[in-house]
Amino acid sequence: MSNKKHWVLLASAGIITLTGATTANAATLEDTIERGAVQCGVSDGLPGFSAPDGDGNWQGLDVDICRAVAAAVLGDADAVNYISLNAVERFTALQSGEVDLLSRNTTWTTTRDTTLGLNFAGVTFYDGIGFMVSRDLGISGADELDGAAICIQTGTTTELNVADYFRANDMEFDPIVFDTSEQTVGGFQAGRCDVLTSDTSQLAALRIQLDDPDGAVILPDIISKEPLGPVVRQGDDTWFNIVKWSLFAMLNAEEYGITSENVDEMVNSENPDIARLLGQDGNYGEGMGLEADWAYNIISQVGNYGESFERNVGMGSPLEIERGANALWNQGGFQYAPPIR
Amino acid sequence: MSVRPNTRPAGHKPLFWRDRAKRAIVFQLLLTAAVAVFLFYIIGNVQDNLSARGITTGFGFLNNTAGFGIVQSLIDYSSQDTYGRTFLVGLLNTLLVGGLGVIAATLIGFIVGIARLSPNWLLARLATAYIETFRNIPLLLQIFFWYFAVLRTLPSARDSLAFGEVIFLNVRGLYLPEPLFESGFGLIPATFIVAIIASIALLLWNKRRQEATGKRIPAVWISLVLIFGLPLLITVATGVPITWDIPELRGFNFRGGFTVIPEFLALWMALSIYTAAFIAEIVRSGIQAISHGQTEAAQALSLPRNLVLRLVVIPQALRVIIPPLTSQYLNLIKNSSLATAIGYPDLVSVFAGTTLNQTGQAIEVIAMTMAVYLTISLLVSMFMNWFNARVALVER
């Protein structure tokens, strides 16, 4: 496992070392069309966000972003090459061009946005760090965790935010840092740590992987802001716009009530917002080098944001996460997309 | 390479391409220039690529605050320290498990290797079984085995195994009492050092006396008494200036005392046991490389079996053993990077893992990590080559 990780890192470093500087930028759109598939970096298996189902097809909220981009660019949501990356590999893989889009429950932070040569294209999920503890411990709040051993996955913002939280509250803890989320769950189940910490969305996904999910509880405290979103390389603004507006198209579709079921009827809608989104009134894909039906393809093949949320992480899924902060702006949440105009 | 003497008459200089020495210089200059151009191209290319992609470069990140915790550190470390310090913490943890692993693997390896040649049927078969089992299972699986299969069976913190109410063993690790030294303690290590020096002098004197007169005293036993007895005597005489910080259960875990984390135990055991299987085979082959006539000759002098081994066979076998043994040491140290799989905070896990990902400085971090492993390996090789030269057969 770790050998593979280093191989990928070395190979990526080698690409940066040896390839000419001129090939670095731009032309992601042309390359994608020529290849006929979007190179999309996803997680190493996180149910609800990106994980292969029983038939080996990738499913999840993050995977739907890959599919939406493929639908917008190539007209076929299935034209995606999924590349599974762990937390440490992900940025190097994007920087070196191994993937063109990283959609892997990645937190948007200043350092990542400004020093790695990357751009965050939006927020697919507003998350925060939470704690999962064994029910036997009888703990009801994060302020009772002084002295606990905590299992964390390496290379995540969680490592930093947990250290900050415990220092700010003058408490001690032992970080036990694992390579993959599977090993983190293994350490928690083996009793190596009292607490498993991660983004609350992941906690829900990890909890259902436990041998005895009912033996663990997720504490109500959320100790940090973790906006998760898709990432692209800096310096290719066309590609950046495509990813950004693919997400906005899904959000706008939900706001206007367009679903994968009714999109073919909505095409005839008199509503000017809907007509512009579905390419019946002008071509708003032109500025991105796309056809007029770019958003129609996304909605008909992937669905709107609400559909994707319910199917993958919401009440229609085993994770049963409430919409909460991820509801649309006019329904009490933060999700807000600029208008298509 | 030797240079052919120039037999041409003086005053008649040959053309420079027909002069072997000058030609050699030209070729070496060309090679150096080619390497320099290649390096220049690569470094320039890296800089162009990184700046074209808007990636920050340089080693300035080492001075930034790390902000994450590390579970085991040999030096003082808190999340407020710098990334540079995480490098040191990881490096020391790697050296700790590597150093202790080399010692344990050598001990186990020599014992098993000699046991395999034992005339005792059961002992020899047990040694064979050990070697064939452990060297044929991938190391990563063995690490997982010791970590998840063995340590998982240990009890939780509340039901710890207690040894005399001062040592505790549970799934969180081994908790030992930590000695706290009071004033006047300095005398004890001082006595210890004096006793060691006296013992070395005694052993040398004994050896010389034996060579001169053939008589010897049991100097080894006297030395042991000196080394352990004297400090003990001083300790009692000064009224035991040590208090023990005994671990006790507070909240979730034991606090106080000295903790050996299970990640360390699992990694150390796996590395030692795995490498020892190879070392045992090296030791066996080394001993068998010594012609049987040597053993028979020593036995003919009616030397007991342990002296035959110690004075005749092992000194000669070491010449065969040491070169491959060096490779095993290097393997063990490099294999310690598998620590990242079970969360032991070694250099790869802390620095090439967390620090790399928090800073995103992949090229710098990986280059530093590779340089460290290269340096450690070269130092071990140098030491072993020196040791090999010492034990090598001196030909006259």
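What percentage of the 341 residues of chain A count as buried?

Guide: Happy to. First, a bit of housekeeping: this is a predicted model, so local features need pLDDT of at least 70 and side-chain atom pairs count only at pLDDT 80 or more, while totals for chains, interfaces and linings use all residues. Residues are numbered from 1 along each chain as its sequence is written, and chains are lettered from A and ligands numbered from 1 in the order in which they are written.

Now to your question: 54% of the 341 residues of chain A are buried, where buried is 20 or more other C-beta atoms within 10 Å of a residue's own, exposed is 12 or fewer, and partly exposed is in between, with C-beta atoms placed from the backbone. As for overall size, the C-alpha trace of chain A spans about 60 × 50 × 40 Å along its principal axes.

Chain A holds 13 helices and 14 strands. These are DSSP runs, numbered from the N terminus: H or I of at least four residues for helices, E of at least two for strands. Take contacts between residues at least 6 apart in sequence: in chain A, 74% of them join residues at least 24 apart. (A contact has C-beta atoms, placed from the backbone, within 7 Å.)

An automatic or database domain assignment sets the domain bounds. Domain 1 of chain A is 2-126 + 228-331, and domain 2 is 129-224. Over C-alpha atoms, their centres are 29 Å apart. Where the two touch, domain 1 supplies 16 residues and domain 2 supplies 14. Domain 1's side of that contact has nine nonpolar residues, six polar and one charged. Here Ala, Val, Leu, Ile, Met, Phe, Trp, Tyr, Cys and Pro are nonpolar, Asp, Glu, Lys and Arg are charged, and the others, Gly among them, are polar.

Chain A also meets chain B, with 48 residues from chain A and 44 from chain B in the contact. Elements giving two or more residues to chain A's side include helix H4 (90-95), strand E9 (148-153) and helix H6 (157-168) of chain A. The most, seven residues, comes from H1(A). That side of chain A divides into 22 nonpolar, 17 polar and nine charged residues.
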